[in-house]
Amino acid sequence: ALLCTVCKCRTAQFEDALREILLADTPDGNPKLDELAKYKLDEVFWKHCETELGFAVPAPNVDKLKISLFVTSLAHSVKVIPDAWQPFAAAKPGSVLAFMDGMMNNVNYGDAFDAMAAAVQDTLHAKAALAKLPHDLLTDCECLPCVDDLLTGWMTERLQAEDVTAALNGENIPELCQRRAKTHFGRKLAVQYAMLESAWHIVSTAHYRAPADYEHVWAQYYREDYKIDAQYRAFYTAYDKLDEPAAYDKLQGLVENIYNTEYLAKIIPAWNTDFPQEPGMGRMALQRNFFSECVAGNKERTVVIISDAMRYEVAATMADQLQRETQSKVSISSMQSIFPSTTKFGMAALLPHKELTVEVRNDILTVLADGQPTASTYRDKVLKTEEPASVALKYNDIIAMKRAERSALVKGMDVVYIYHDTIDEASHTSDTAVFAACDKAISELKNLVRIIVNEFGGTNILITADHGFLYTY
C-alpha cells in the first residue's frame, strides 16, 4: 500500500506500482524509484519483485528488470533461449506473463510497452540471436517486434522459391499470416501479412491450366478462378501501402510474372475459343436480358445499382462482406456482357428494350433502345417507357441529399435505377488508382445498401455492372 501511495497508483496492487515505475524510467533516471528511496521503500520494491515475480539478480535495477520481463516471456513462448539470457529468467513466469499481457494489450500503455520492447531488443541484440533459432520456435512469440520481421522474411524467401507447401508448426503461410496479423506487433505489419497471404495464392497458380472449352472456362471462372483476380488486386492494394516496397521487389516481380504468363496468357485464349460463335453466346445468361429476366414482373419494389466497371471478383468480395455484415440473403451470379464490353453498350443493355441498335451521326456513335438514346440524360425516360413507376438516379446526387429528399424521390416507385461510378472514373484519372477505387466502391455500395434498406424500405436490391476490366500492374 505504501509503494502504491508513493507511486500515486489508483489501487493498492503491486502490479500498478511496477507499471508506474517502468513508465517513469528515462535515460536520465527514474523519479518514481527516487521517490521510493526517500522513504526507504526502494528495497521493499525489489523485495516485492522477488516474491511476486521471482526476479532475483545481484544489484537489481530497472534495466535488469525490463530484461527479465522480456526474457521470461521469450523463454515461455520460444522455449529455447541463449545461455547468456538464462540468468534473467524469472522464477515465477506465470505472474510475469500476466503482467506483460496486461500492459501490452492495454490501449493506455501500449506505446510505452513498444518503446520498452524496442530498447530491450536492442540491448539483447535479440533479432540476431533469434535468427539463429528454427523459425518453428518463433510462431507463438508476441513480445518483441523483431519476431514478426523474422517471420515475414522467412515467408518472403519461401514464396520467392515458389515453395507453397512451406509451413511452421502445421500452419501454412496464409494461416500464419492471418494469425500473426492479429498479434500486438503483428498488427503493425498487417499490410505485409496481407500482401504475403495474397502472394501465396498467386504463386499457387503457377502452372495454371485453363479448361479446354469456353463453357467450362466460364464455369470455372465464376466458381474458382475469379479468386486469382481478387488475390492479385489484394496483393497490389497492400503493396502500394508499403513504406519500403523495395524489400519485396523480387516477390513482386514473381507475382507479376505468374499472373501474366501463367494465368492471363492461358485463360484469355481459352476464353476466346468459341466466344464469338452463336452456340457459345447462347449458353449463358445474357446481360441484354437483364431487365426482362431480373427486374420486370417483380411484385415488390426493385432497386438496381449499376456500378460502372465493377468486375465479377469485386462483386464477389462485396457479397462476402454483405453476408457477414447484414442479416440479409445475399447471392451472386454471372451474366455474359454485351459486345463491345464498354460503358456505352453495357448501360444500354441493362435498360428495358426489345431491340438495341447503333446510330452514327457526325462521327458520334449512339446506342438506341427501341429507337431511344440511352446516354445518361435519357435513361430515366427509357425506364419510364417500360415502367411508368420508375426513376433513374445518380449515386452522388443521392448521397448529397437529406433523408427526406431521398425518400421523396423514390416514393411510389416500383423500379429504381441508381448509377454509381467510382471504379471507372478512377481509371480515367490514373491507372494506379483503380485497385484502391475498388475498395472505395465496395464501401460506398455497402453504405448505399444501408440507405436503401433503412430509408427506402428496399427489400429487393440488385447490384450489377455495365462491364468489367482487365488490369495488370
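Which residue in S5 is the bridge partner of Glu359? The answer is Thr366.

Before we go on, a word on the model: this is a predicted one, where local features need pLDDT of at least 70, side-chain atom pairs count only at pLDDT 80 or more, and totals for chains, interfaces and linings use all residues. Residues are numbered from 1 along each chain as its sequence is written, and side-chain values use heavy atoms, with hydrogens and water left out.

Strands here are DSSP runs (E, at least two residues), and helices are runs too (H or I, at least four), numbered from the N terminus. Two strands pair if DSSP finds at least two bridges between them.

| Pair | Direction | Bridges |
|---|---|---|
| S4 and S5 | antiparallel | six |
| S5 and S6 | antiparallel | two |
| S3 and S9 | parallel | five |

Now for the hairpins. S4 and S5 have two residues between them, and Asn362 in that turn has a positive phi of about 55°. The hairpin of S5 and S6 also has two residues between its strands, with Asp370 at a positive phi near 55°. Ala369 stands opposite Gln372 in S6.

Elsewhere, four strands make an open sheet with parallel pairing, in the order S7-S8-S3-S9. S7 (390-394) and S9 (460-464) sit at the edges with a single partner strand each, so one side of each has no neighbour in the sheet. Helix H18 (residues 379-386) packs on the sheet and touches S7 and S8, where contact means heavy atoms within 4.5 Å. H18's direction makes about 160° with that of S7; axes are lines fitted to C-alpha atoms, for helices over the stretch in contact, and angles run from 0 to 180 degrees between N-to-C directions.
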